[in-house]
Amino acid sequence: MPEQQNDKLTWKQYSNIVTNLATFHQRAIIVPFRKGWGKNSLCRSCACAFILIFLWATFTRDNIMYVWLILWTLSYAQLRGQANKLAGQIHSWYDGDTVGLGSNQKTAKMLYEPVMVAIAGLIAREIYLEYGLPTAGLPTFLLTGCFTLPLVESVKQAIWDRRLDDMNDAKMEQESLVREYRDRYGK
């Protein structure tokens, strides 16, 4: 008898969707502001980021978002070339170094970048309001980065920490197996 499929999303599926959308939004903001990307980190998520910027510009009718899209695309093309040159020297999924925000990349990505994006969003909002433009376009796009940038970085850090724990567990298991082997076979 075939199992009934449950059409409801599980918590894990929902969190994966949210994380992916946040990653697309993060890429749509930070690509012009980082250097030293891995070649794989500029693939699918950046294609989705391009689509996100285009759709945001279309639905908000903010022509300045199209300027952002052009600048973003030029930055992406330059970074893509750099990533191909750096292939084999850095992790292929590395999402770049922050530029001019200190040497501690974790702090820069979790704190400084979101603050800088928030300031840019607030400045854009004030300019839009001064000229009577709707703020749903670029200002809101940047201000939402206050949430998506640290979310993506915290998820990546949690994944990294889990990998480190797994490596440590594997090391301890290997040492235990070696001890047991020596005890059992006397070698």
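**Helix packing and core**

Reply: Start with Ala-47, which sits in helix 2 (residues 44-60). The model is a predicted one. Ala-47 is partly exposed, because its relative accessible area is 43%, between the limits of 20% and 50%. Asp-95 is 48 residues away from Ala-47 along the chain, and their C-alpha atoms are 15 Å apart.

Helix 2 packs against helix 1. Their axes approach within 8 Å and cross at roughly 80°. That angle lies between 65 and 115 degrees, so helix 1 counts as roughly perpendicular to helix 2. Helix 1 brings Asn-20, Thr-23, Phe-24, His-25, Arg-27 and Ala-28 to the contact. From helix 2 come Arg-44, Ser-45, Cys-46, Cys-48, Ala-49, Leu-52, Ile-53 and Trp-56. By type, the residues of this contact are eight nonpolar, four polar and two charged.

Now helix 1 itself. It covers residues 11-30, 20 residues in total. From first C-alpha to last it reaches 28 Å, close to the 28 Å expected at 1.5 Å a residue. Its buried residues are Ala-22, Thr-23, Phe-24, His-25, Gln-26, Arg-27, Ala-28, Ile-29 and Ile-30.

Leaving out residues up to four places away in sequence, Ile-29 touches Trp-68, Val-117, Phe-141, Leu-142, Gly-145 and Leu-149. The largest nonpolar core holds 22 residues. Ile-29, Ile-53, Trp-72, Leu-138 and Phe-141 have the most contacts inside it. Helix 1, helix 2, helix 3, helix 4 (105-130) and helix 5 (138-143) each give at least two residues to this core. Helix 3 supplies the largest share, six residues.

Buried in helix 3 are Met-65, Trp-68, Leu-69, Trp-72, Ser-75, Leu-79 and Ala-83. The cover over these buried residues includes helix 1, strand 1, helix 2 and helix 5.

Ser-41 is in the loop between strand 1 (34-37) and helix 2. Ser-41 counts as buried because its relative accessibility is 1%, under the 20% limit. Beyond its neighbours within four places in sequence, Ser-41 contacts Arg-27, Cys-46, Ser-92, Trp-93, Tyr-94 and Asp-95. Arg-61 belongs to the loop between helix 2 and helix 3 (63-86). Arg-61 counts as exposed because its relative accessibility is 72%, over the 50% limit. Its phi is near 55°, a positive value in a residue other than glycine.

Finally, helix 4 and helix 6. Helix 6 covers residues 145-185, and the two axes lie 8 Å apart at an angle of about 170°. An angle over 145 degrees meets the cut-off, so helix 4 is roughly antiparallel to helix 6. Lys-106, Lys-109, Met-110, Glu-113, Pro-114, Val-117 and Ala-118 make the helix 4 side of the contact. On the helix 6 side are Gly-145, Cys-146, Leu-149, Pro-150, Glu-153, Ser-154 and Gln-157. This contact divides into seven nonpolar, three polar and four charged residues. Val-117, Gly-145 and Leu-149, which take part here, are also among the residues that Ile-29 touches.

Methods: Residues numbered from 1 in each chain as written. Predicted model: local features only at pLDDT ≥ 70, side-chain atom pairs only at ≥ 80, totals over all residues. Heavy atoms only, no water. Helix = DSSP H or I, 4+ residues; strand = E, 2+ residues; numbered from the N terminus. Expected span 1.5 Å × (residues − 1). Buried < 20%, exposed > 50% of the residue type's maximum accessible area, 1.4 Å probe, protein only. Core = buried A, V, L, I, M, F, W, Y, C linked by side-chain atoms within 4.5 Å. Contact = heavy atoms within 4.5 Å. Axes fitted to C-alpha atoms, helices over the stretch in contact; angles between N-to-C directions. Parallel < 35°, antiparallel > 145°, perpendicular 65-115°, else oblique. Nonpolar A, V, L, I, M, F, W, Y, C, P; charged D, E, K, R; others polar.
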